[in-house]
Amino acid sequence: MKTEEIIRSIEAEYLKTDLPTIHVGDTIKVGVRIVEGGKERIQPYEGVVIAKRHGGINETITVRRIFQGVGVERVFLLHSPRIANIKIIRRGKVRRAKLFYLRDRVGKATRVQERFDRPL
């Protein structure tokens with residue numbers, strides 16, 4: 001066995017199978033596990049997916065939201081145990097692989113048109 005095959009077989013154990021198909025432009029709600037003291041809770045983070053990177057166990061998404069008038073972006077490792085769940089709120093109709101241009105937009109210009117041909 002080659003080393004690449006060994007690495008893939010080890011990584012396959014940690015891949016999540018219950019993830020929805022996420023596309024750039026979708027508005028999603030990510031449930032993030034937060035540990036405060038001895039307690040653990042799930043904090044929702046809702047925003048627009050502006051980028052997807054890598055693949056397999058290293059797959060990440062960048063989610064952008066506006067919080068108190070300031071744009072906040074978070075990068076989530078999809079197969080991380082810190083991610084409790086991901087729910088798609090609405091599908092976005094975009095023509096780009098990366099939506100970094102949304103960083104320069106303000107107010108209603110940041111909205112992404114909804115797409116209806118793909119089911120949630």
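User: What relative accessibility does Arg82 have?

Analyst: A quick note first: this is a predicted model, where local features need pLDDT of at least 70, side-chain atom pairs count only at pLDDT 80 or more, and totals for chains, interfaces and linings use all residues. Residues are numbered from 1 along each chain as its sequence is written, and side-chain values use heavy atoms, with hydrogens and water left out. Arg82 sits in the loop between strand 4 and strand 5 (83-90); strands (E, at least two residues) and helices (H or I, at least four) are DSSP runs numbered from the N terminus. Buried means under 20% relative accessible area and exposed over 50%, with partly exposed in between (1.4 Å probe, protein chains only), so Arg82 counts as partly exposed at 48%.

User: Which residues is Arg82 in contact with, leaving aside neighbours within four places in sequence?

Analyst: Contact here means heavy atoms within 4.5 Å. Once the neighbours within four places are set aside, the partners of Arg82 are Gly31, Val32, Arg33 and Val35.

User: How far apart in space are Arg82 and Ile42, C-alpha to C-alpha?

Analyst: Along the sequence, 40 residues separate Arg82 from Ile42. In space, their C-alpha distance is 9.3 Å.

User: His79 is also in the loop between strand 4 and strand 5. Does it count as buried or exposed?

Analyst: The relative accessibility of His79 is 12%. Because that is its value, His79 counts as buried.

User: Which backbone atoms does the side chain of His79 reach?

Analyst: Both are polar contacts, meaning a pair of N or O atoms within 3.5 Å; within protein, one must be able to donate a hydrogen and the other to accept it, and residues adjacent in sequence count only if both atoms are side-chain atoms. Lys16 and Gly56 are among the residues in contact with His79, a list that also includes Tyr14, Leu19 and Glu59. At 2.9 Å, the side chain of His79 reaches the backbone nitrogen of Lys16, and at 3.3 Å, the backbone oxygen of Gly56.

User: How many bridges join strand 3 and strand 4?

Analyst: Two strands pair if DSSP finds at least two bridges between them. Strand 3 and strand 4 (residues 70-77) are antiparallel partners, and Ile66 stands opposite Gly71 of strand 4. The number of bridges in this pairing is eight.

User: And how many join strand 2 and strand 3?

Analyst: Strand 2 (residues 39-53) and strand 3 (residues 60-67) are antiparallel too. Here Lys52 faces Ile61 of strand 3. The bridge count for this pairing is five.

User: Which residue takes a positive phi in the hairpin of strand 2 and strand 3?

Analyst: This hairpin has six residues between its strands.

User: What is the phi of Gln68?

Analyst: Gln68 lies in the loop between strand 3 and strand 4, a hairpin with two residues between the strands. At 70% relative accessibility, Gln68 counts as exposed. Although Gln68 is not a glycine, its phi is positive, at about 55°.

User: Which side chain makes a polar contact with the side chain of Arg64?

Analyst: Arg64 belongs to strand 3 and is buried, because its relative accessible area is 15%. Its contacts beyond four places in sequence include Gly47, Ile50, Gly71 and Leu102. The polar contact, at 3.0 Å, is with the side chain of Glu73.

User: Which side chain does Arg91 join in a polar contact?

Analyst: Arg91 is in the segment after strand 5. Its relative accessibility is 4%, so Arg91 counts as buried. The contact is 2.6 Å, and the partner is the side chain of Asp26.

User: In what order do the elements of the protein run?

Analyst: The protein has one helix and five strands. Its C-alpha trace spans about 55 × 40 × 25 Å along the principal axes. From the N terminus on, the order is α-β-β-β-β-β.

User: What share of the 120 residues is buried?

Analyst: Arg91, His79 and Arg64 are among the buried residues. Over the 120 residues of the protein, the buried share is 29%.
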